[in-house]
Amino acid sequence: MPKKIPFKVVFCSGWEDDYSSKSLEFHDPFVKGWRSKRWCVYPQELILLLNATYRIRKLQFLSHQYMIASKVDLFVGSDQRGGGVSLISQGSLDTSRFTRLGYISLSNNEQTSFRSRELKSVNVDVTGQLVKLVLHKNHINRLNLYNQVSLIAVNVIGDSPSEGETADLPLSDFVNRHQNETLSQLVHSHLPVYHHTQITEDPILLGAINKSTNISLVDDLSFDIAQDPETARIIRRLDALKTKAVKEEKFDLAKQLKETIHNLHKAGEDLCHYEIEKRMAVEQEDYDTAKTRKLEADNLRMQLYHRLGVQDLLSGTVPYQPPERSRPIVRNPAVVTGDEEAVPVASPARHSHEASGKKRGGSSSLLPLITSSQTVVDHHSLQSVSYDSNDDRPLPSLVYRGGVPEQVQAGQSLEDLQSQTLDRPDPLNEKQRKESFMAITVFGVKTVEHVCAKQYSLREAGLEMVRKSLSSALLGDRESARSSKRDLCVAACQVLRKALSDKVFSTLSMAIDLLKMVVGPFATEHRLGRSEFAYILERVVPVLLNRTGDMTVRVCSVAMETILILGQHNRIKRLCLLGPLLIKPFKQNSSWRLVKNRVNVLAKFLSEVGLKESGLSLRDVMEFVCQCLDHSSGAVRDNAVKLTLELYKLHGAEVRDLLPVKRDSVAANQKKTFWRTLFEGFDRIDGVPTLAEREAAALAAEELKQEEVRNLKAQIENLRELAARAEVAENEGSNQLEG
């Protein structure tokens, strides 16, 4: 079974004072980690020496929240001379042979505002005694003033050579022996022939194919970083006892150990937060708060050990379970009275810490949030379960296939059992935890699980929990005051983005009410500034704009109405924050209904607020309008024409000059008739004849001229006839005189 491998750092390119690479050799929530020198030369190298040759199965890295390397190259090697302790010398390191496994890329962390630390986990399958890390140039940000990189912790998990012959087998033979399909068959069925030799020896591919699924939670890096050290040691002892009890088939003891570990795991995080708050209070010389946190932590620890019977379990016996033991352990327990039995446990000395992260109790927390790029530890179970793999979850139709469950047989109705099941939301998966990291910190995991639940009733209950939390913050609740207004805004926006995208109209209405509360009473009470309002609008308005393209009419109307209400908000109007969000370019494949309603929202916003007070320039608005005029949908173009005409009434010839098409080109191109319609609208506003009217007038004048010409020609013909008649008459008279 893979387990954590101890190591020593035998080489390092350099480190800043008080941030030695030796701190990577142990893990706890207060470790400061390694940090490179200021203005160091890249790349930076670290070499780790394992105490023996291991089959390495997993590598984990916890990066700093803002001193982040852009890339980390991974190498595994061994000494060609087979030395052990001699590897510490520089000469032995020079003769060591390293094999490059690949590289990992780290996020720049801008999305979390540099408040969380990224935990990277890489599955490999390679043997070696040396691990080399090559850290490349850092991500540039405003907090990293000296272009440094830092690693808080490194963890190596692998199989010990003493566990059997499988540790000494070649990797391909090991895979072929334990898989139903050999590795060569797997490679031949998916890859070209010329790749077979290279891929067969690829440690990354072998790690993916032969991924170990039985790694204990206590060996994972996220366990040590987020747990109280004393509780972590007890959990490790109980986990070892649980494994021993399973082997000896003492299943009652194993079950009790599992439940105890589960409760200790949840309480260990709370104890860790108490210790962090106590240390921060000591740094600020707030000794009253430090004493309070210490008493709360000691009371919680004594209540927990007494209620769970930790001493009996450590001795290998199952303690008596009174009925009240099933009650949950509260985070803020009452002070233990003298009549209660307590098990005092001395708190060990802990290492010094680094002040960074989220504010708690009016000060910055020492432990930033940890976001994992591959593995997220579920705090509700001791098993490492990936909730993204839905194929491994039991189908609902298979739950009761084996007959009536035990709860129903004991007298409980099936309806009651189903109602209890439906009232419990599903645990959060990795993606949801990343998207809601601040909401989990501020509102709690239970609230966020309700907000992300599949049943709309649970989602509405989660929104009600959020509303009550914000209301308690308005009333100055001590627990709510631990979170800064920035953290509250971030947490509220993460919940609102999820709720405003809900398909159920009642849930959407509750989300809109919650949004009005955030920008209304909550913003007034906490005196939110421009940055907080800008953050709220940047996170919420795009979601509302997307809802304007919904197929349901009332959803579209409610979303548009909410945006206009935000535009009428005095603070938002004064800060000119909403306008730039309404004219952001849209994708060419966007729904025509969405673009049409965006134009309508912009038109109503400008008519109510005015271009000058909206914070927009005419050029910016016309760029958005011109994009809409080129849309393939006629409905979008018609609305854009209406908006353009309204702008022309206010700004005149400036609008005409900002159009990409001129009047002469319109006359030459008869295909885009809407351009001609637009310019005719300009002429009507100016009070001059339109092009069609001028053409009609010219045609009428031409017809009048032709009519006059015809009349003149007729008169000439008449005169000619009269002249001819007169001549004939004169000739006849002359003939008569001659006769």
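Arginine 527 lies in the loop between H18 and H19. In this predicted model, arginine 527 has a positive phi of about 55° although it is not a glycine. The residue is exposed, since its relative accessible area is 70%. For context, most residues other than glycine have a negative phi, and most peptide bonds are trans.

Tryptophan 39 sits in the loop between S3 and S4, and with 57% relative accessibility it counts as exposed. The loop between S3 and S4 also holds proline 43. The peptide bond that leads from tyrosine 42 into proline 43 is cis, with omega near 5°.

**The chain as a whole**

Stepping back, the chain contains 29 helices and 11 strands. It has 739 residues, and 46% of them count as buried. Among contacts with a separation of 6 or more, 73% come from residues 24 or more positions apart.

**Two helix pairs**

How do H17 and H18 lie relative to each other, roughly parallel or roughly antiparallel? Helix H17 covers residues 485-500 and helix H18 covers residues 505-526; their axes come within 9 Å and cross at roughly 165°. Angles over 145 degrees count as roughly antiparallel, and H17 and H18 are therefore roughly antiparallel to each other. The crossing of H17 past H18 is left-handed.

On the H17 side, the residues that meet H18 are Lys485, Leu488, Cys489, Ala492, Leu496, Ala499 and Leu500. Their counterparts in H18 are Leu508, Ala511, Ile512, Leu514, Leu515, Val518, Phe522 and His526. Sorted by class, this contact of H17 with H18 has 13 nonpolar, 1 polar and 1 charged residues.

Helices H24 (residues 618-629) and H25 (residues 634-651) form another pair, with axes that come within 8 Å and cross at roughly 155°. That angle makes H24 roughly antiparallel to H25. Here too the crossing is described as left-handed, with H24 passing H25. From H24, the residues in contact are Leu618, Val621, Met622, Val625, Cys628 and Leu629. From H25 come Val636, Arg637, Ala640, Val641, Leu643, Thr644, Leu647 and His651. The contact of H24 with H25 divides into 11 nonpolar, 2 polar and 1 charged residues.

**Strand S8 and its partners**

Strand S8 spans residues 150-159 and is mostly covered, with 10 of its 10 residues buried. Which strands pair with S8 in the antiparallel sense? Strands S1, S3 and S4 are among them, as the table sets out.

| Strand | Residues | Sense of pairing with S8 | Bridges |
|---|---|---|---|
| S1 | 3-4 | antiparallel | 2 bridges |
| S3 | 34-35 | antiparallel | 2 bridges |
| S4 | 44-63 | antiparallel | 8 bridges |

Lysine 3 stands opposite glycine 158 in S8. Leucine 151 in S8 is the bridge partner of tryptophan 34, and leucine 151 also stands opposite serine 63.

Strand S4 is also the place of arginine 55. Is arginine 55 buried or exposed? With a relative accessible area of 2%, arginine 55 is buried. Arginine 55 and threonine 127 are 72 residues apart in sequence, yet their C-alpha atoms are 4.2 Å apart in space.

**Two buried threonines**

Threonine 548 is found in the loop between helix H19 (530-547) and helix H20 (553-568). Because its relative accessibility is 0%, threonine 548 counts as buried. Which residues is threonine 548 in contact with, leaving aside its neighbours within four places in sequence? They are Cys556, Ala559, Met560, Ile563, Arg593, Leu594 and Asn597.

Threonine 260 has its place in helix H8 (residues 251-283). At 0% relative accessibility, threonine 260 counts as buried as well. Not counting residues up to four places away in sequence, threonine 260 touches Leu238, Leu308 and Leu313.

Notes. Residues are numbered from 1 along each chain as its sequence is written. This is a predicted model: local features need pLDDT of at least 70, side-chain atom pairs count only at pLDDT 80 or more; totals for chains, interfaces and linings use all residues. Side-chain values use heavy atoms; hydrogens and water are left out. Axes are lines fitted to C-alpha atoms, for helices over the stretch in contact, and angles run from 0 to 180 degrees between N-to-C directions. Helices (H or I, at least four residues) and strands (E, at least two) are DSSP runs, numbered from the N terminus. Angles under 35 degrees count as roughly parallel, over 145 as roughly antiparallel, 65 to 115 as roughly perpendicular and the rest as oblique. A crossing is left-handed if the near helix is turned anticlockwise from the far one by less than a right angle, and right-handed if clockwise. Contact means heavy atoms within 4.5 Å. Ala, Val, Leu, Ile, Met, Phe, Trp, Tyr, Cys and Pro count as nonpolar, Asp, Glu, Lys and Arg as charged, and the others, Gly among them, as polar. Buried means under 20% relative accessible area, exposed over 50%, partly exposed in between (1.4 Å probe, protein chains only). Two strands pair if DSSP finds at least two bridges between them.
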